[in-house]
Amino acid sequence: MLYDDTPIAKLLDATHGKPKLLVVDDKPVNIQVLHQVFASDYQVFMATSGAQALAICLSNPPDLILLDVVMPEMDGFEVCIQLKSDAATRDIPIIFVTAHDDTSQETHGLDVGAVDFIAKPVNPAVVRARVKTHLMLKLQSDVMRKLVFLDGLTGVFNRRYFDQQVVIEWARSARNDSPLSVILIDVDCFKDFNDHYGHQAGDDCLQQIARTLKSSLKRPADLVARYGGEEFVCILPDTGFDDAMLIARGLEQQVRATEISHAKSTISPFVTISLGVAARSHLQANSLIDDGTLDSSVLVALADARLYLAKSNGRGQACGD
C-alpha cells in the first residue's frame with residue numbers, strides 16, 4: 001500500500017492514481033536499479049540525458065524526479081535550474097542521486113531547488129522511504145493548491161487558476177505546435193432569472209450548470225473554470241477548432257437538457273447558455289502569431305468576441321465564426 005489509510009491519503013489516491021517517477025541518469029544500469037525498486041508501486045519513466053529529461057517533464061510532467069548530478073553536456077544542477085524556472089515544472093520535487101559526498105555540492109543542490117540528496121549506491125529501503133515522504137508532501141501541496149484555486153460557489157476552478165493555466169497551455173501549444181482551443185460561456189438572461197427566482201435559486205442554477213459543464217468534459221486535461229459572475233470558460237488542450245465546436249455544441253445541449261425552468265427567458269422555457277469558441281489555429285491562419293509577440297490573452301479575446309456574436313445572433317448557441 002503506497003499511502004497510509006488516512007482521509008488525505010484516500011483523497012490523494014483518488015485524485016492522482018499511481019504517482020509518476022522520472023529517473024534521470026546517463027548510465028542505464030543505475031536507472032535499472034531504481035526501476036526495480038519502484039516499478040511495483042509507481043509509473044516509472046526514464047531519461048539518459050538532461051535534455052531528454054526536460055522534454056519528458058514538459059510533455060508528461062512527473063510527480064517526482066530522481067536526478068543524477070554528474071551527466072555529460074547538461075549536469076543535474078542545470079536541469080534543476082531549468083525546471084524551476086518554468087511555471088509548468090517548478091513544483092515538481094527533485095531528489096538528487098549522486099556518488100559524491102561533498103557537502104558543498106549538497107548545499108548547491110538545495111540552493112537550486114532540490115528537496116533531498118541520496119547517495120549512491122542506493123539503499124532500496126532508504127530511497128523508497130525518502131520518495132514516499134516527498135511524494136506525500138507534494139501531493140498534499142497539490143491538493144491544497146487546488147483548494148485555493150476552486151471557486152467557492154460552484155466548486156469548479158476559479159478565474160485565478162484559469163489565468164494561470166491558459167498561459168501554461170498557450171506556451172505548451174506554441175512549443176509543440178499543437179492545437180489549443182478556448183470556449184467562453186455565458187448563462188443567458190441570468191439577471192432576469194435572479195430577479196424572478198431570487199439569488200439563492202440563481203446560486204443553485206450556477207452550481208448545476210458548473211456540474212453539467214464539468215461532467216461533459218471527458219479528458220483529464222480539459223478544464224472548466226468560473227470566469228466571473230454567470231460566465232464560465234473551458235480550456236481544451238490538443239483540440240482543434242472543429243472538435244472544439246462539437247464540444248461547445250454538446251455543452252449547450254447538455255445544459256439545455258437539464259431543464260432548469262426560466263420563465264423570464266426570451267429564448268427558451270429553460271436556462272440556456274451562449275458560447276464563443278476560439279482556436280489557436282485561427283490566429284495562425286490569420287498570421288496573428290507569426291511574429292511570436294502575442295500571448296494567450298489574444299485567444300481569450302477572440303473567444304469573447306465570438307461569445308458576443310452568439311448573443312447577438314439570438315443566444316442559446318455556440319459561435320466560432
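Good morning. A search of the whole structure finds 13 salt bridges, a salt bridge being a side-chain nitrogen of Lys or Arg within 4 Å of a carboxyl oxygen of Asp or Glu. Please bear in mind that this is a predicted model, in which local features need pLDDT of at least 70 and side-chain atom pairs count only at pLDDT 80 or more, while totals for chains, interfaces and linings use all residues. Residues are numbered from 1 along each chain as its sequence is written, and side-chain values use heavy atoms, with hydrogens and water left out.

I begin with helix 6, residues 124-148. Helices (H or I, at least four residues) and strands (E, at least two) are DSSP runs, numbered from the N terminus. Within helix 6, Lys138 and Asp142 are four residues apart, about one turn of the helix. They form a salt bridge whose closest N and O atoms are 2.9 Å apart. Both Lys138 and Asp142 are buried; buried means under 20% relative accessible area, exposed over 50%, and partly exposed in between, with a 1.4 Å probe and protein chains only.

A second salt bridge joins the side chains of Arg226 and Asp151, at 3.4 Å from N to O. Arg226 belongs to strand 7 (residues 223-228) and Asp151 to the loop between helix 6 and helix 7 (159-176), so this pair ties together parts that are 75 residues apart in sequence. Arg226 counts as buried because its relative accessibility is 17%, and Asp151 likewise counts as buried, at 14%.

In helix 7, Arg159 and Asp163 are also four residues apart, about one turn of the helix. The closest N and O atoms of their salt bridge are 3.1 Å apart. Arg159 is partly exposed at 35% relative accessibility, and Asp163 is partly exposed with a relative accessible area of 35%. Elsewhere, a network of salt bridges links Asp25, Asp68 and Lys120.

I turn now to helix packing. Helix 2 (residues 28-38) packs with helix 6 at an angle of about 70°, their axes being 10 Å apart. Axes are lines fitted to C-alpha atoms, for helices over the stretch in contact, and angles run from 0 to 180 degrees between N-to-C directions. The two helices are therefore roughly perpendicular to each other, a label covering 65 to 115 degrees, with under 35 roughly parallel, over 145 roughly antiparallel and the rest oblique.

Which residues of helix 2 meet helix 6? Leu34, Val37 and Phe38 meet Pro124, Val127, Arg128 and Val131 in helix 6, contact meaning heavy atoms within 4.5 Å. Thank you.
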